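Trainee: Could you take me through the aromatic rings of this model in some detail, and then through whatever else stands beside them?

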Amino acid sequence: MTIDDVARPATVQEAVASLKRRPDAILWAGGTLLMSDPSCIPADRLVSIVDIGRLPELAGIHRTERYVEVGAAVTLASLLALPKPALLGPLAMAAAAVGTASVRNLATLGGTIACRNRFMSCFAALSCMDAAVELRDPRGVRWHGIHKLVGPGNRPAFPEASMLTRVRLPHLSWDAVVVRALGDPPYPHPDASTFAACARIEQGVLADLRVAVSGRILVRDRSLEMTLAGRRLPLSRREIGSFSSDMAASALALSIPPDISSRLEAYVSAFLDHPEEYAL
Amino acid sequence: MKARSRGFGLEDGRLSSFRPPDLVYVATVRAPSGPGAIQSIHSPHLPRDYRFITAEDIPGQAAMEFPGDKVPILAKGRVDYPGQPVGLIAGPDRGRVDEAVRLTKVLVDAAPEDGGLDCFGSGRLKARAQRSTGDVDRALAEAATVVKASYRLGAVDHYYPEPQGAAAYYDYDRLVILSSTQWPSQVRRAIASALAVDQSAVTVLSGFLGPHLDGKLWYPSLLACHAALVAFILGKPAMLQLSRDEDFLYTPKRAPLLASYRAGMDEDGRLCALDASLAVNIGAHGPLAAAIVDTLAASFTGPYSCPAVRADVWAVASDRPPMGAWAGLGLSSATYGLERLADACSRASGADPLAFRLLNVSQKGDTTSGVALKQVPRLKGVSERLLELSDYRRKRSAYELIRKRRPDPSLPPGFGVGLAFAYQSNDLLPAFGNLKALAVEAELDKDGFLTIRAPILPTDSSALGVWRNEAAAIIGIDPKAVRVERDAGADSPDAGPAAFSNAMNTVARLVGDACSDIRDRRFREALPLVARKVNRKSGRKSSPLDGASWAGAVVELTLDPLDGRPRVKGVWLSLDAGRVLSPVKARLSLERDAARALSTCLGERFDPDHAGPASIRAYRISRLDDTPPIVVDFLDTGDARPGGLGELAFSCVPAAFANALSQASDSADSEETA
Amino acid sequence: MNVTFILNGEDVACTAGALDRLSELLRDTFGMASVNTDCGSGRCGTCLVLMDGRPVNSCLVPAFRARDCEIITYEGFSRTDDYGRVQAAFDRHGVDLCPFCRPARYLAIGSAMDARSDSRGADLPSVLSSVLCTCSSPAAVLAAAMDALAGRQGPRYSRDH
Ligand SMILES: Cc1cc2nc3c(=O)[nH]c(=O)nc-3n(C[C@H](O)[C@H](O)[C@H](O)COP(=O)(O)OP(=O)(O)OC[C@H]3O[C@@H](n4cnc5c(N)ncnc54)[C@H](O)[C@@H]3O)c2cc1C
């Protein structure tokens, strides 16, 4: 691999200008994925790098009544260092499981979202949170729901020559949250997947339920989730059984391997069986 | 002899600090597949200062000789396993050397062979050991209950602090080798034979050894031969250091074990027959095959009494990289199988696991281990303390209630507590090697300085400090006046495989004896005073159980309701290891060993049959924050002799863990009761 | 490319490939023998250095990213008072770390002692867990580290940030 240029823009605008000049440039955030997975850097062409990891505009965290807005270059360690990381619910749990503390001092939130060939482990959490992302490219700035980054066949579809600048995380208070590796192969195995589930419980009723799996493919079935909304807890065996087997069937339909799909069924069923055990 | 600073940055014994001027880096060209015939080797054009070395360049013997096996220094004509070294590339720039290795193409006409343990022909036998007493078939036929069970242990990586390697350089006409080895004299012998030089022309300096878990017995000799060959041919200092991935894939792992048993019990739950067949996969080369099968055969009955016992133990060759020892050769594997079986037997006889063990523990005069016992195995004290520490009884019955009364038997009960016992004995030293050669010399000079020369030294500086303090206390001098050296001269006895971890106690005892001798003569004879103590013990005249150290472990765990993974809540260890020289150090080393032993049960999975670059990424060694609370307690029994400690946790913690897991998952793997 | 940064308090410069690993630069160009180049993929943590006060795996930092940063290695840390505190705490606990993990572990503790550090989310056990080494008792390492920190921070440190 030959690096022919490392741009160090001082502003987001300059970074976008660099992208315009070299649409195939690699945006370098924390570099933890880029440095640990050689396949991320093309070996057969000249490579241009745009260093966005130290852009002050991407390093901010702002809080409003309704959401937290996080710059794409905020490190996972900084996210976890927020005074109340629990407010970030599943994201805090997912971020805490990425690498080690010293890796998280480098790894950024943007880097977990913008990986081109798989959904990294925070993606399942961000999907559950219905996060929104701000994307910039030479044509302008747009906010999208995170699922805009999910393409046909539920595969990753981060737009080429675009930069993720901010992530908006709605404030939703969850009563039960769990994020776990789904099955055996740990990161960085290509089949490594992450399971995230969260639930809001109001007066003994399941007010909101979200379940997602990220890996090679994203699994999330909003309409299925809605079928349990408003049900009284504890759910019946039948309710749990049919929801979890439908979830596994959705995964199978998306060509998630059968062993991982059946694990998903077991995870969902265990979560729905005793959501109170996953209180934050 | 410890590595001494020669301005080469060796102060800390780290191979990676070796930076003499003119250094050449050495990297290994490996067979991409195997076993099979080497069709061709194409190396890229190398610049002038670089050299490609093959087996043809070895001036002396092309293979290292071990009892029962030969290990080629570089493969010639044929490779026995994928990854076997076929050549070396050496040169001044590490990056270019690595690049040249990448560009070298080795073509092998590979024909993989079967490597399993379930079924193998005599052609794959590397070593075999048998032991029997009494009529096992008859005893099994007459037994009230017969339990059939089999257990497996997988390959485990030693994960040394520094990947293995070696350096070689000339100090005038002497070839000096820096090697992190448990067996320096073996390194010297191997190099002398490969280079066709006299052993006296080779000096071996011990690099930093760290927790070696008996993985650095013979493989360092192979790497040292590689470095020495380059230094010899190029006349420059040479260093070969494996990458972490190479170390993971190609240095010997714990040999996988398949242990199958038939155990017969009478109506009272006493063992009346034990039939064991134990097979280890030793890989393509097995320099330790004989030692491992001997240890397995010698230790398969553990501390238990049984009138009719039979063991058939095989080291089975396969087409995988060489496998080898893990903390005590076969002892930890034998203990694992036996302590799992003890739980299976207790289940079958309806007894509590501890009660079953105590009922069956050998008594004075018992001959199950092959020699009449002089002492009762010290399990009672260990178990009493263990129960106290861990609250085992209460937990066990509470979890049994949960197991039996759970509303949905298709779901695992989720709670388990297990126990296991283990011993470590100097008398289990492997069959090959010259035990009698273990000798220690102490010299008190005219200035009051004491020099101790021993064939092997403790692996960490703190243990060395304990020796110094002990010696100083015996003679009545300042510990600062005590120097300890490894006796590495050409005429020094080969400590042989006595360099296994449990030999250290024999040497420690000899150090004590030599110092006592000097103390007794100190004011009666003129200085300097020299005392030489030679180990008179040979072979296994006494039972390995007499004078052994004892340990019991309890592991408590729950199964995570979501992912079903075991979460260990605590580990308790109680030990009777005679006099503990340094209680703090001993506790810390046991805590460390228990944490590592537990880690091997949790995420350390390696399948040699499907090994590849991704294997190391999937191999999860527990980190500091994964480790549960570990309680270690030493019994003070007033015994004056210090006993070995280094293998105990590796022997009993995995079995206690697996026994707890059986209770928590209500499954006992492959057990049958007839 | 030309890379300038502050290494252990001194301005340094070197020529390097943009993606050369900082760990290798530190070891090979600047002779920082404490920095290991072991796994090269962020797993083992024995190449840990402090980059602008935070512990990071220097094998994951490309040369271009080191520009204008302040890097502290064990060699630099060992000249500080905090080093003495860490060393004394390990001595008190009888823990003798191996030469491969000692630099990284001491730096990890040093970073937690640094008043500028905002590693609140990453508490001490997880910072220490960045380093993978099996040479010592995990509980004793943690106890020694907490002792060192207690000496420096008084009651400010708690495990449940
Ligand atoms: C030891 C170790 C363990 C790890 N464990 C895990 C794990 O358990 N789970 C997991 O998910 N990951 C894991 N990772 C991978 C990785 O560290 C994380 O996913 C991390 O969050 C990536 O962030 P980064 O800032 O380092 O990304 P980078 O490496 O900088 O970039 C990753 C990709 O995203 C692109 N990118 C980054 N930022 C932007 C942006 N703002 N806009 C557009 N594109 C962008 C880059 O071009 C690149 O393609 C691990 C890595 C290591 C070294």
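Predicted model: local features only at pLDDT ≥ 70, side-chain atom pairs only at ≥ 80, totals over all residues.

Mentor: Counted over all chains, the aromatic pairs come to 21, and one of them, formed by A:Trp28 and C:Phe64, is edge-to-face, with 5.3 Å from centre to centre and 80 degrees between the planes. Because A:Trp28 belongs to strand β2 (residues 26-28) of chain A while C:Phe64 belongs to helix α2 (residues 63-66) of chain C, this pair joins two chains. As for the burial of the two partners, A:Trp28 has a relative accessibility of 0% and therefore counts as buried, and C:Phe64 is likewise buried, its relative accessible area being 0%.

Rings also take part in another kind of arrangement, in which a charge sits over the face. In chain A, A:Arg168 lies over the face of A:Tyr67, at 4.4 Å from the ring centre, and in chain B the charged end of B:Arg244 is placed over the ring of B:Tyr159, 4.1 Å from its centre.

Returning to chain C, C:Asn8 is found in the loop that runs between β1 (2-7) and β2 (10-15). With a relative accessibility of 13%, C:Asn8 falls under the 20% limit and so counts as buried. Apart from neighbours within four places in sequence, the residues in contact with C:Asn8 are C:Met32, C:Ile71, C:Ile72, C:Thr73, C:Glu75, C:Gly76 and C:Arg79.

Methods. Residues numbered from 1 in each chain as written. Chains lettered and ligands numbered in written order. Heavy atoms only, no water. Helix = DSSP H or I, 4+ residues; strand = E, 2+ residues; numbered from the N terminus. Buried < 20%, exposed > 50% of the residue type's maximum accessible area, 1.4 Å probe, protein only. Contact = heavy atoms within 4.5 Å. Phe/Tyr/Trp six-rings, centres within 6.5 Å; stacked < 30°, edge-to-face > 60°. Lys NZ or Arg CZ within 6 Å of the ring centre and 35° of its normal.
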